[in-house]
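Okay, thanks for coming, everyone.

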Amino acid sequence: MSTKELFLTALGLDHPWYIKGITFDSTLKRLDIQLDFYKGSKFTCPECGAHHCIVHDTKERTWRHLDFFQHQAYLTARVPRIRCEQCGVKQINVPWARKDSGFTTLFEMMVLNFAEHMAIKPLSEMIHVHMDSIWRILSHYVDQAHSQLDLSSMQQIGIDEFSKRSGHQYMTIFGDLDESRVVYISDGRKTNTVHQFADFLKQKAIDTCQIQYACTDMWRAYLRGLKERFPATICVFDKYHVMTMMNHAVDLVRRREYKEQKVLKHTRYIWLKNNQNLNHQQQVTIESLSQMNLKTARAYRIKESLRQLWFYQHQEDAELYLKKWYFWATHSRLDPIIEFAKIVKTHWTGILNYFQCKITNGIIEGINSKIKTAMKRAYGFKSFKYLRIIIYLIAGKLDLPTQC
Ligand SMILES: [Zn+2]
């Protein structure tokens with residue numbers, strides 16, 4: 001086998017393509033492979049698929065290919081424009097690259113694989129490709145795979161806000177709780193954000209009635225959006241969000257009491273932890289503080305009592321328990337706790353709906369760590385446009401091409 005034949009086979013090409021020449025420049029660390037097609041070859045129309053179209057003219061183009069050892073490799077070819085009887089003059093699709101890309105498909109697959117495992121900036125430096133080009137490649141394949149997402153069996157969704165950067169800029173993540181994957185990302189956290197998700201489902205011919213449960217926090221805009229566009233979906237308030245609010249109420253009690261009770265100094269995190277997660281020293285502290293008839297200790301007991309709620313199996317039992325808890329909380333004479341109890345009352349059904357399906361946004365929280373990774377990967381690219389691509393890439397479980 002000659003060198004030219006070897007390269008042709010390695011590139012996976014055959015008739016009408018052949019290798020016209022190979023130039024190797026060790027100073028420039030560059031390998032150039034010149035491809036050409038045999039004279040008189042006919043090609044398929046890229047629009048209608050008609051075969052045997054004659055060549056109208058050609059235009060020379062170059063593509064970056066996978067490195068040849070430590071040398072950058074490039075393919076060059078004159079790309080024919082054919083004359084199709086139906087469609088007129090059209091540029092053909094070459095077998096080694098997608099339309100309008102300056103990289104071969106194999107090179108793009110390599111970029112895709114690396115981007116799943118490393119940050120964009122060092123990737124750009126490693127392969128000597130401008131970051132904009134990398135984003136263009138990722139965007140193409142991610143969008144393509146995302147548009148082909150199969151959501152036909154999705155019944156439980158989680159909705160969670162995510163801060164884009166420090167400050168108050170949010171995006172909303174819609175998760176498929178059955179498959180633990182991010183299925184949709186929208187900028188902002190408004191009612192319209194939920195509408196956009198409903199529109200996305202509509203585009204994919206998914207009836208919103210298919211979604212049985214939506215797990216969310218108590219953010220009013222989400223609830224309004226769900227009511228408007230997911231009328232048949234049962235709303236479940238995420239238990240972790242409920243407990244976060246409860247913890248916040250306990251902390252408010254502590255902060256107020258601290259003004260008179262300096263013994264509470266450095267105890268903030270002890271009150272926020274679950275009792276079972278306290279270490280020995282923290283247990284001792286809590287026990288001794290509990291004997292001092294502190295308001296904070298009372299708030300803490302109310303919190304720990306609410307935590308027991310989630311262990312119930314049946315909704316009726318849970319409701320009886322929650323009623324007792326509510327009575328206790330509203331008679332605690334602790335304003336932040338009473339305020340929180342009122343919120344519980346207003347969101348009563350959504351909290352108890354948990355016992356029908358036992359879903360939480362824990363999956364999304366798990367996805368959160370992937371998103372944090374994604375944000376690090378997109379370092380220096382904090383705009384929604386880039387975050388969206390990288391989050392789908394890392395947490396979307398997309399069916400991405402792995403080879404050409
Ligand atoms: Zn045609």
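So, how far is the sulfur of Cys53 from the closest cysteine sulfur, and which residue holds that one? The closest is in Cys84, 4.6 Å away, and that's too far for a bond. I'm calling a disulfide a pair of cysteine sulfur atoms within 2.5 Å, and by that rule the count comes to zero. Cys357 isn't in a disulfide either; its nearest cysteine sulfur belongs to Cys215, 7.4 Å away.

Both of these cysteines are tucked in: Cys53 is buried at 5% relative accessibility, and Cys357 is buried too, at 16%. Buried here is under 20% relative accessible area, exposed is over 50%, and partly exposed is in between, with a 1.4 Å probe and protein chains only.

Quick housekeeping. This is a predicted model, so local features need pLDDT of at least 70 and side-chain atom pairs count only at pLDDT 80 or more, while totals for chains, interfaces and linings use all residues. Residues are numbered from 1 along each chain as its sequence is written, and side-chain values use heavy atoms, with hydrogens and water left out.

Now the overall picture. We've got 16 helices and 10 strands, taken as DSSP runs numbered from the N terminus, with H or I of at least four residues for helices and E of at least two for strands. The radius of gyration is 30 Å, well over the 22 Å that the globule rule gives for 404 residues, so the protein is more spread out than a compact globule. That radius is over C-alpha atoms, and the rule is 2.2 Å times the number of residues to the power 0.38. The C-alpha trace spans about 95 × 50 × 35 Å along its principal axes. Buried residues make up 48% of the 404.

On to the backbone. Most residues other than glycine have a negative phi, and most peptide bonds are trans. Where do we see a cis peptide bond? Between His15 and Pro16, with omega about 10 degrees. Pro16 sits in the loop between helix 1 (3-10) and strand 1 (17-25).

Then two histidines. His52 has a positive phi of about 55 degrees; this residue lies in the loop between strand 2 (30-37) and strand 3 (54-68), and is exposed at 64% relative accessible area. His128 also has a positive phi of about 55 degrees, and is found in the loop between helix 3 (120-127) and helix 4 (131-147). At 58% relative accessibility, His128 counts as exposed.
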